[in-house]
Amino acid sequence: MSYAKTLAIGLALMIPAVAEAKPPLREVKQIDNELYYIAVAKEISDYCPSISGRKLKAINVMWGLRSEANSLGYSDQEIRAYVESDAEKDRMRAKGEAYLAANGVTYENPNSFCTLGRKEIDRNSAIGVYLRAN
């Protein structure tokens with residue numbers, strides 16, 4: 001067999017392996033960021049009695065994120081592993097707590113969650129769209 005033919009066959013065999021190489025879901029920003037926004041909104045609604053989370057919207061978006069991840073080649077098992085990973089939960093919590101602290105929120109002062117929540121709602125921010133003032 002000629003060198004060119006062997007090279008062509010080798011490259012053809014490698015293409016599926018290259019196509020399967022995907023970054024970890026935490027690096028897929030459109031998915032990771034949206035889950036982060038939902039998580040921060042949930043934390044705000046959990047600690048502020050005058051703000052509630054828009055749970056149906058969040059659930060709807062999460063189904064869309066699942067579909068998007070599937071279309072990018074991630075299996076339901078890979079998605080579940082990412083969402084249920086203790087390391088990812090810890091990373092997301094640390095990122096969220098840093099954002100809250102940077103915005104003057106403390107767990108000792110539940111009203112600080114309300115102040116940030118109202119600000120996010122008023123700005124119609126990526127976090128605010130998941131919140132509703134009661």
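Reply: Just after α3, Gly73 takes a positive phi of about 100°. The model is predicted, so local features need pLDDT of at least 70 and side-chain atom pairs count only at pLDDT 80 or more, while totals for chains, interfaces and linings use all residues. Residues are numbered from 1 along each chain as its sequence is written, and side-chain values use heavy atoms, with hydrogens and water left out.

Me: What makes α3 a helix of the expected span?

Reply: Helices are DSSP runs of H or I with at least four residues, strands are runs of E with at least two, and both are numbered from the N terminus. The expected span is 1.5 Å times one less than the number of residues. For the 17 residues of α3 this gives 24 Å, and the first and last C-alpha atoms are 24 Å apart.

Me: Which residues of α3 are buried, and how do you know that they lie on the same side?

Reply: Ala58, Leu65 and Ala69 are buried in α3, where buried means under 20% relative accessible area, exposed over 50% and partly exposed in between (1.4 Å probe, protein chains only). They cover an arc of only 35° around the axis, and therefore lie on the same side of α3; the arc is that of the directions from the helix axis to the C-beta atoms. The buried residues of α3 pack against α2 and α4, contact meaning heavy atoms within 4.5 Å. The face turned away from the buried side carries the exposed residues Leu56, Asn60, Trp63 and Ser71.

Me: Why is Ile59 called partly exposed, and which patch includes Ile59?

Reply: Ile59, in helix α3, has 41% relative accessibility and therefore counts as partly exposed. Leu56, Ile59, Met62 and Trp63 form a nonpolar surface patch with about 450 Å² of accessible area together. Patches take residues with over 30% relative accessible area and no salt bridge, joining like charges within 9 Å and nonpolar side chains (Val, Leu, Ile, Met, Phe, Trp, Tyr) within 5 Å. Accessible areas come from the Shrake-Rupley method with a 1.4 Å probe, and for residues only the protein chains shown count as cover.

Me: How do you know that the span of α2 agrees with expectation?

Reply: The 19 residues of helix α2 (residues 29-47) should span 27 Å at 1.5 Å a residue, and the end C-alpha atoms are 27 Å apart, so the two agree. Among the buried residues of α2 are Ile31, Asp32, Leu35 and Tyr36. Their cover includes β1 (51-53), α4 (76-84) and α6 (110-123).

Me: What makes Glu88 and Arg26 a salt bridge?

Reply: A salt bridge is a side-chain nitrogen of Lys or Arg within 4 Å of a carboxyl oxygen of Asp or Glu. The N to O distance between Arg26 and Glu88 is 3.6 Å, and the pair is a salt bridge. It links distant parts of the chain, with Glu88 in helix α5 and Arg26 in the loop between α1 (3-20) and α2, 62 residues apart. Glu88 counts as buried because its relative accessibility is 14%, whereas Arg26, at 35%, counts as partly exposed. Arg26, Asp32, Glu88 and Arg91 are linked in a network of salt bridges.

Me: What separates Lys42 and Asp46 along helix α2?

Reply: Lys42 and Asp46 are four residues apart in helix α2, and are therefore separated by about one helical turn. Their closest N and O atoms are 2.8 Å apart, in a salt bridge.
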